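Subject: Structure handover

Hi,

Here is the structure you asked for. My notes follow below it.

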Amino acid sequence: MAKPLMYPRTATVEQTDVYHGTVVADPYRWLEDTDTAATKAWVQAQNELTFQYLAGIPERTQLKKRLTALWDYERYGVPFQEGGQYFFSKNSGLQNQAVLYTATKLGEAARVLLDPNQLSADGTVALTDYALSQDGKYLAYGLSAAGSDWQEWRVREVATGQDRPDRLKWVKFSGASWTQDGQGFFYGRYDEPKQELQSVNYYQKLYFHRLGTAQSEDVLIYERKDEKEWGFSGQVTDDGRYLIIYATQGTDPRNRIFYKDLQEPTSPVVGLVEQLEADYQFIDNQGTTFWFKTDQCATRSRVIALDITRPTERQVIIPEAPETLTGVSLVGGHFIASYLKDARAQVKVFDLKGQFQREVSLPGLGTVIGFPGKRTDTETFYAFTSFTSPTVIYRYNPTTGVSTPLFQPKVTFDPSRYTTEQVFYPSKDGTRVPMFISYKKGLKLDGNNPTYLYGYGGFNISLTPSFAPSNLVWMEMGGVYAVPSLRGGGEYGEAWHQAGTKLNKQNVFDDFIGAAEWLIQNRYTQTAKLAIGGGSNGGLLVGAVMTQRPELFGAALPAVGVLDMLRFHKFTIGWAWVSDYGSAEDAQQFKALYAYSPLHRLKPGRYPATLVTTADHDDRVVPAHSFKFAATLQQAQTGTAPALIRIETKAGHGAGKPTTKIIEEVADRWAFLVRNLEMKGIE
């Protein structure tokens, strides 16, 4: 039997809080301040132990070698047109960041427009978002350093590749949208925070930046001093006439819609949808007729038209379907509607009156993204991927319905050796939950297969099939990769989402536990071979179920998780999650949160082998969640299974993470499971 690890000593403080009459201790509160010498010393000591442990796993070297080889293939983003030119992203294989290219014809020589790899020696500066002016002359683009959500926006001339002097700071959760004349763009920003990585983010404002001027001269378009939680983003209609203003409130999928007539410089901002009643996503307009995708009176969404001169009148263009409508674009005079049918992609084409034309033929059970373009375009593009096949980019003709492969990656593996099935299992309350299971063909249902159960279950986000070299390596080792469609996600529309929020959050954990029990009962695996993983809200999921049912799992990998459910709303953008979680400031919601909060459910006992992962620059889910959870788990663990934390430096919540750091982290993750699930490793 393995000896228990000697963990670094973690000091405690006398800190208690009273929530609605309940006294709650918080002995590791001091770890919330990531800038103190004591916290930095704790991070260093924890990392020394963790990396020493991981370095002692002999299979790790071969794992990293195989991951590197599989990652080394060309990957393309979905192309789009602007101003008679094509734009697309591409990673040649092991580049830390994808490169933005432009070309006059696809398939011919393309020119590098922006290479983020040239902006930092270690690849930790990422291109977060970008927008082209309608004439294709200017690129507005956002950069993030070390994984932070904060962005600095700049402007580049497409013809010369040279940057203009424009610099916009304190931008977060915002893109850019150009005016039709290309003289400037709209964007959202916050006031400069007191603490860049920890201060709470309230009062986002919508501005207009005129090309060639200082940010201090930007024009304030809209703010709400009476609504600190409202966030704003602007979208200029293709005809250049209107600015559509989205007013969001935290992560609530519902939003408000305002608009401004750009032909009249002094025109007011007009409320179109002023109540937080449903989700509205603008598609396009024809004069004063606006088309929206909305779940108003349609939990799985539909397409409506409304005339802004008579905004209370709604005309249904594409009715709600049994499938979940996830996105709509208007290209070549056709609505291209993307659906989820049991969490797998389905795409339908309609005319402007909403008459069904055809279904886009897809190569299998997978995920589709894309279909960008304008109403006058004659072509568009989309990407298709699955658990066992890398992303292929297609050109699509909306008039003929013909799809043509454009970019097909060459990966050093045989996809025919792997398969994906979809099963349905009952949750605790009898709810029927779908689950994808992928593995190498020839799998024996003898209960001995190492299995990685991955989940999310929140914020109306759907987990759909996608290819990742990391998961392929897992399956090459004989592993099973399972992904259930938990309540709280968006797979079955807003009702499915709401069934996993606030006082219903336990449903999400029950769904995940049900998936684990089904896999064991059907002899895919057994407890000693079963690992669970998830990131962010998925990290909360892992933390919750490993504290509720520690005997059910062999290993747990909570990544950048929300683990302190009583204080999450006090940091950066955490307040925005109250729409999904509720708040400890509400007595009834506190009771529910306290009942499952992973940090507070840890009691002395035997827990599965656990590798907590976080990053020092995570300013979305601040690393204090993981710090406090790991310190508490190390104190509570009475068994010999390791309770370790891996703290990445110069990295954030995950977006924009360099390829080198991703490969290192995956190698550590799989090595940890090889050791603790007693796997064979790479053959």
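Arg 646 and Glu 665 meet through their side chains in a salt bridge, 4.0 Å from N to O. A salt bridge here is a side-chain nitrogen of Lys or Arg within 4 Å of a carboxyl oxygen of Asp or Glu. Arg 646 lies in strand β39 (residues 643-648) and Glu 665 in helix α11 (residues 659-676), so the pair ties together parts 19 residues apart in sequence. Helices (H or I, at least four residues) and strands (E, at least two) are DSSP runs, numbered from the N terminus. Arg 646 is buried, at 3% relative accessible area. Glu 665 is buried too, at 13%. Buried means under 20% relative accessible area, exposed over 50%, and partly exposed in between (1.4 Å probe, protein chains only). Salt bridges with shared partners join both residues into one network, which also includes Arg 60, Lys 64 and Glu 648.

Please note that this is a predicted model: local features need pLDDT of at least 70, side-chain atom pairs count only at pLDDT 80 or more, and totals for chains, interfaces and linings use all residues. Residues are numbered from 1 along each chain as its sequence is written, and side-chain values use heavy atoms, with hydrogens and water left out.

Other salt bridges: the whole structure has 39. In one of them, the closest N and O atoms of Glu 32 and Lys 628 are 2.8 Å apart. That pair links distant parts of the chain, 596 residues apart: Glu 32 is in the loop between β2 (22-25) and α1 (37-55), and Lys 628 is in helix α10 (residues 624-636). Both residues are buried. Asp 166 and Arg 164 form another, at 3.9 Å between the closest N and O atoms. Asp 166 is buried at 2% relative accessible area, while Arg 164 is partly exposed at 22%.

Now Lys 570. Its place is the loop between β37 (555-559) and α7 (578-581). Lys 570 is partly exposed, at 39%. Beyond its neighbours within four places in sequence, Lys 570 is in contact (heavy atoms within 4.5 Å) with Val 200 and Glu 585.

Finally, the overall picture. The chain has eleven helices and 39 strands. Its radius of gyration, taken over C-alpha atoms, is 25 Å. Buried residues make up 59% of the 683.

Best wishes

Technical notes. Rg over C-alpha atoms; globule rule 2.2 N^0.38 Å.
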